[in-house]
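I opened a new notebook page for this structure.

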Amino acid sequence: MPYPEYLVAPMRQELTDLGARECRTAADVDAVVASPGVVMMVVNSVCGCAAGKARPGIGMALNHANKPDTLATVFAGADVEATDRARQYFTGIAPSSPSIALMQDGKLLYMIERRDIESRTAEAIADQLTMAFDRFCVAPTVV
């Protein structure tokens, strides 16, 4: 049984306020993943590490000069179909929530799993994300 919407709505809003596109269906996920450039897909969650670490860390990281072209989110335990579809793109990674993926052309570039989130502060997650942004979200220079 999915979580009731009144429970997850404020947690959804934390990411949509940052500009995240909500994916509530598998078709929504496929459309976002097909977006040009780098897509950051966040598997949001009701757990404490999502509230105190992942979402705040994402917010801090998005203030960085380099960042993904598209920010999207699914909500584990609420958007079941969308979450299952997003996880199909995370090849070789066991399902975990929260988690943060960087993808391009439907392929996984980088992943922060729940175990990586639980053991870090929001600031450390932001640092980890900005390092990934600097690696994957920089336009190639023309020589």
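My entries follow in the order I looked things up.

**Entry 1: the model.** I noted that this is a predicted model.

**Entry 2: the fold.** I looked up the helices and strands. The chain has six helices and five strands. I read them along the sequence and got the pattern α-β-α-β-α-β-α-β-β-α-α. The radius of gyration is 14 Å, close to the 15 Å from the globule rule for 143 residues, so the chain is as compact as a globular protein of that length. I also looked up the span of the C-alpha trace, which is about 55 × 30 × 30 Å along the principal axes.

**Entry 3: inside and surface.** How much of the chain is buried? Buried residues make up 48% of the 143. I then took the contacts with a separation of 6 or more; residues 24 or more positions apart account for 70% of them. The accessible surface comes to about 7000 Å², and carbon and sulfur atoms hold 54% of that.

**Entry 4: charges.** I found 13 positive and 17 negative side chains. The centres of the two sets lie 3 Å apart.

**Entry 5: cysteines.** How many disulfides are there? The count is zero. Cys23 is in no disulfide, and its nearest cysteine sulfur belongs to Cys137. Cys23 counts as buried because its relative accessibility is 0%. Cys137 also counts as buried, at 13%.

Note on methods: Residues are numbered from 1 along each chain as its sequence is written. This is a predicted model: local features need pLDDT of at least 70, side-chain atom pairs count only at pLDDT 80 or more; totals for chains, interfaces and linings use all residues. Side-chain values use heavy atoms; hydrogens and water are left out. A disulfide is a pair of cysteine sulfur atoms within 2.5 Å. Buried means under 20% relative accessible area, exposed over 50%, partly exposed in between (1.4 Å probe, protein chains only). Helices (H or I, at least four residues) and strands (E, at least two) are DSSP runs, numbered from the N terminus. The radius of gyration is taken over C-alpha atoms; the globule rule is 2.2 Å times the number of residues to the power 0.38. Contact means heavy atoms within 4.5 Å. Accessible areas come from the Shrake-Rupley method with a 1.4 Å probe; for residues, only the protein chains shown count as cover. Lys and Arg count as positive and Asp and Glu as negative; His and the chain ends are not counted. The place of a charge is taken as NZ of Lys, CZ of Arg, CG of Asp or CD of Glu.
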